[in-house]
Amino acid sequence: RSCLQDLRISDPRDDKRRIEETKGGLLRDSYRWILENSDFQQWQDGKQSQLLWIRGDPGKGKTMLLCGIIDKLEETASAASASGSCLLSYFFCQATDERINSATAVLRGLIYLLADQQPALLQHVRKKYDDAGKALFVDTNAWFALSEIFRNILQDRSLGNTYVIIDALDECKSGLQQLLQFIDKSSAVCPCVKWIISSRNWPSIEEQLRISDQKFQLRLELKKDYISAAVSTYIEHKVGELAKRKKYTAKLEKSVREYLSLNADATFLWVALVLKELEMVERRIALERVKMFPPGLGPLYKQMMAQVSESNNADLCKRILSIVAVVKRPITLRELVSLDDTLHKLDCPENLSEDIEDLEQTVGKCGSFLTIRESTIYFVHQSAKDFLLQENTSQEVFRFGIDEINHAIFSRSLQVMSVALRPDVYSLRAPGISVDQVKPPDPDPLAAVRYSCLYWVDHLLDCQDREDTIKDLKDSGSVYSFLRQYFLYWLEALSLLKSVPEGIVMIRKLEDLQFDESSTLYAFIHDAKRFALYNRSIIEQAPLQTYCSALVFAPEKSIIRETFERCVPSWIQRKSRVETYWNAMVQTLEGHTREVSSVAFSPDGKQIVSGSWDKTVRRWDAATGQQLLPALEGHKDKVTSVAFSPDGKQIVSGSWDKTVRLWDMATGQQLLPALEGHTSRVSSVAISPDGKKIVSGSWDKTWPSPLTASRSSLGLGITQSSAATQLQGDWSCPPSRAIQVESPQ
């Protein structure tokens with residue numbers, strides 16, 4: 001079960017229930033029309049019709065339409081399961097929720113539902129999970145591992161008729177192009193799988209999908225009569241509920257219903273926003289108020305913005321809207337309170353609970369742009385955020401520009417981290433305790449600063465041309481002041497948040513800024529990078545080792561060691577002799593279970609490949625030292641040589657199993673059958689400068705006839721030949737199991 005638990009990022013069934021509840025419930029009469037639509041029926045019944053794309057402008061009810069289709073298909077799947085296997089998997093993308101707005105999240109959700117319904121399919125996940133653990137789903141290469149797993153599931157012979165549904169592809173903020181390419185290819189080669197996807201009318205999506213006879217599209221704008229009828233049903237139901245709660249007279253209820261019906265323009269979202277506003281309006285002025293709402297989403301958003309501007313809390317509401325529009329992910333009420341001085345004074349911690357309660361009420365007054373779910377703030381719809389970021393509107397919301405908000409978030413983040421961060425912030429006491437054993441205390445001292453710990457550098461970079469930001473990056477500025485006092489505490493917090501690799505990326509971003517290389521700040525950041533890279537593995541595993549082994553074994557003249565000498569635990573009385581300065585070794589990459597025999601850098605220097613006696617080839621991120629999963633498995637004996645192609649897209653490996661293998665760098669998949677011909681161990685491999693030929697050396701002492709393996713789909717003609725090279729005797733010194741990345745400096 002641990003595999004399924006780690007795979008689960010969100011249960012799409014729970015997301016569906018939440019969405020339906022948030023939108024006021026699913027009405028059968030509002031989606032019944034599509035079940036009778038000829039395009040839908042042809043997609044469902046036709047043997048050659050694999051994909052249906054439902055497309056339409058914002059607010060046309062695409063999500064609720066898919067909820068209805070899912071309910072219908074669940075009935076179909078349930079009935080079909082009596083006679084044979086029939087599965088249904090679905091996923092709802094939401095741009096304002098970082099859990100479910102990426103291509104990897106989509107695949108995790110789809111695989112989770114399929115494996116939960118048919119546990120035997122989990123074997124495709126376990127093949128890689130047993131080796132990599134949870135990192136399989138979250139590391140840099142997660143997409144490639146997951147797409148291979150999902151492809152294998154869809155091609156599993158035990159898989160019966162299967163429906164796959166993805167809502168709101170336009171809200172997939174990361175990896176959309178990869179996801180579209182995957183859908184396009186998979187829908188053409190998996191005849192037992194039928195797809196439904198929905199999105200806005202984006203030309204880029206249309207280009208990727210390459211609509212053909214096997215792929216249908218249903219344009220909601222061309223079905224206006226059906227949508228209008230569905231919206232009328234929605235209005236009838238929702239106004240009836242509102243009238244009961246607000247005790248409307250029959251005449252008032254009829255008048256409100258008629259106005260909404262005349263002005264809805266077949267847009268569910270417009271109706272929902274107006275009804276949300278009416279919830280806060282007294283009955284006696286309800287008719288007068290409803291007639292003030294203009295038709296169309298754009299004009300309605302403008303009016304909502306005007307109401308915010310005219311309210312008693314105008315400045316505060318605009319500040320909240322501007323922060324929520326700029327942050328990199330949805331933030332909690334507690335995080336928002338921490339990000340602006342007008343919302344909470346850091347020197348008044350006793351007022352925090354009251355400030356959060358007040359903030360929740362204020363968010364409710366932000367013109368219906370925002371909604372709160374489980375103490376996290378979201379935009380009511382992606383189109384609401386898009387409206388606020390439009391040039392005309394942004395001038396009103398961001399009075400001093402977006403750069404000012406970014407600088408305010410950056411500056412405030414340094415302040416709140418300075419208050420919250422300290423050594424052993426969770427009071428773990430035991431320096432050897434593993435991060436997996438850690439349970440956050442209640443209250444969690446990091447709860448308010450999680451966002452700041454992970455994104456303060458990004459907000460700094462987003463406003464780096466401001467005059468005050470330039471001052472912040474001086475030796476006398478706030479960045480150096482924060483780092484020299486709190487750098488180690490920040491590293492500990494990142495370990496507790498399981499985000500050390502993200503921290504290393506942030507340090508590298510700082511180092512890449514245009515500094516005077518003689519500056520004290522630059523020297524500190526450079527040393528901090530060496531410290532973090534060298535100790536990444538131990539700090540990731542045990543947060544408090546930041547102050548023990550990491551600090552104790554840092555070079556004597558390391559700036560980090562000299563600055564934080566006071567943080568070494570008092571029980572460490574005797575310190576080992578260490579080097580005076582950092583040596584050439586930047587970091588150690590650990591993961592192989594036996595000796596490493598060969599390593600190579602990619603042409604752009606961003607990845608490292610290694611071959612080992614454990615029979616695997618492994619890939620690494622050169623910047624962070626993270627292993628890019630999965631490990632490349634296929635060789636039956638020790639891997640002795642690895643090399644990159646000139647374009648960095650392929651890896652070649654040679655092994656004592658007498659074969660040469662070619663791998664795709666991005667996906668980790670073997671591209672061709674093993675290249676055979678040697679009669680003894682392969683000791684060396686290389687790819688020609690044009691990337692079209694492979695040469696290999698072997699202990700067989702011969703030049704066998706060339707073996708050619710061509711694959712027109714790859715555009716490669718690969719020739720294997722053997723050089724007459726031989727190693728006499730055994731190696732006098734066996735290689736290490738670790739990889740040391742060294743710097744010439």
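Buried means under 20% relative accessible area, exposed over 50% and partly exposed in between, using a 1.4 Å probe and protein chains only. The views below come from a predicted model, in which local features need pLDDT of at least 70 and side-chain atom pairs count only at pLDDT 80 or more, while totals for chains, interfaces and linings use all residues. Residues are numbered from 1 along each chain as its sequence is written, and side-chain values use heavy atoms, with hydrogens and water left out.

**View 1. Strand β14 is covered on both faces.** On one side sit Gln 650, Val 652 and Gly 654, on the other Ile 651, Ser 653 and Ser 655, and all of them are buried. With 6 of its 6 residues buried, β14 is therefore largely enclosed by the rest of the structure. Helices (H or I, at least four residues) and strands (E, at least two) are DSSP runs, numbered from the N terminus.

**View 2. An open sheet runs in the order β13-β14-β15.** Its 3 strands pair in the antiparallel sense; two strands pair if DSSP finds at least two bridges between them. β13 (639-644) and β15 (660-664) are the edge strands, each with a single partner, so one side of each has no neighbour in the sheet. From one strand to the next the twist averages 20 degrees. As a reminder, strands of a sheet pair through backbone hydrogen bonds, either parallel or antiparallel.

**View 3. Here are the two hairpins of the sheet, with β14 taking part in both.** β13 and β14 (residues 650-655) are joined over 5 bridges. Look for Val 642, whose bridge partner in β14 is Ser 653, and for Val 639, which stands opposite Ser 655. This hairpin has 5 residues between its strands, and Gly 648 takes a positive phi near 75 degrees. β14 and β15 also pair over 5 bridges, with Val 652 opposite Leu 662. The hairpin of β14 and β15 has 4 residues between the strands, and there Lys 658 takes a positive phi near 75 degrees.

**View 4. The largest nonpolar core has 205 residues.** A nonpolar core is a set of buried Ala, Val, Leu, Ile, Met, Phe, Trp, Tyr and Cys residues joined through side-chain atoms within 4.5 Å. Trp 456, Phe 487, Trp 490 and Phe 531 have the most contacts inside the core, and helix α25 (residues 478-496) gives the most to it, with 13 residues. Contact means heavy atoms within 4.5 Å. Not counting residues up to four places away in sequence, Trp 490 touches Met 417, Leu 421, Cys 453, Trp 456, Phe 482, Gly 503, Met 506 and Ile 507.

**View 5. Helices α12 and α14 pack side by side in a roughly parallel arrangement.** The axes of α12 (residues 224-246) and α14 (residues 268-278) come within 10 Å and cross at roughly 10 degrees. Axes are lines fitted to C-alpha atoms, for helices over the stretch in contact, and angles run from 0 to 180 degrees between N-to-C directions. Angles under 35 degrees count as roughly parallel, over 145 as roughly antiparallel, 65 to 115 as roughly perpendicular and the rest as oblique. Among the residues that meet are Ile 227, Val 231 and Tyr 234 in α12 and Phe 268, Val 271 and Leu 275 in α14.

View 6. The side chain of Lys 62 reaches two backbone oxygens, that of Gly 56 at 3.1 Å and that of Asp 57 at 3.0 Å. A polar contact is a pair of N or O atoms within 3.5 Å; within protein, one must be able to donate a hydrogen and the other to accept it, and residues adjacent in sequence count only if both atoms are side-chain atoms. Beyond its neighbours within four places in sequence, Lys 62 is in contact with residues including Asp 167, Ser 198, Arg 200 and Leu 220. Gly 61, in the loop between β1 (51-55) and α5 (62-81), is buried too, at 16%.

**View 7. Ser 338 is a buried residue of helix α18.** The helix spans residues 333-338, and Ser 338 has a relative accessibility of 7%. Its side chain reaches the backbone oxygen of Arg 334 at 3.0 Å. Leaving out residues up to four places away in sequence, Ser 338 touches Arg 412, Val 416 and Ala 448.
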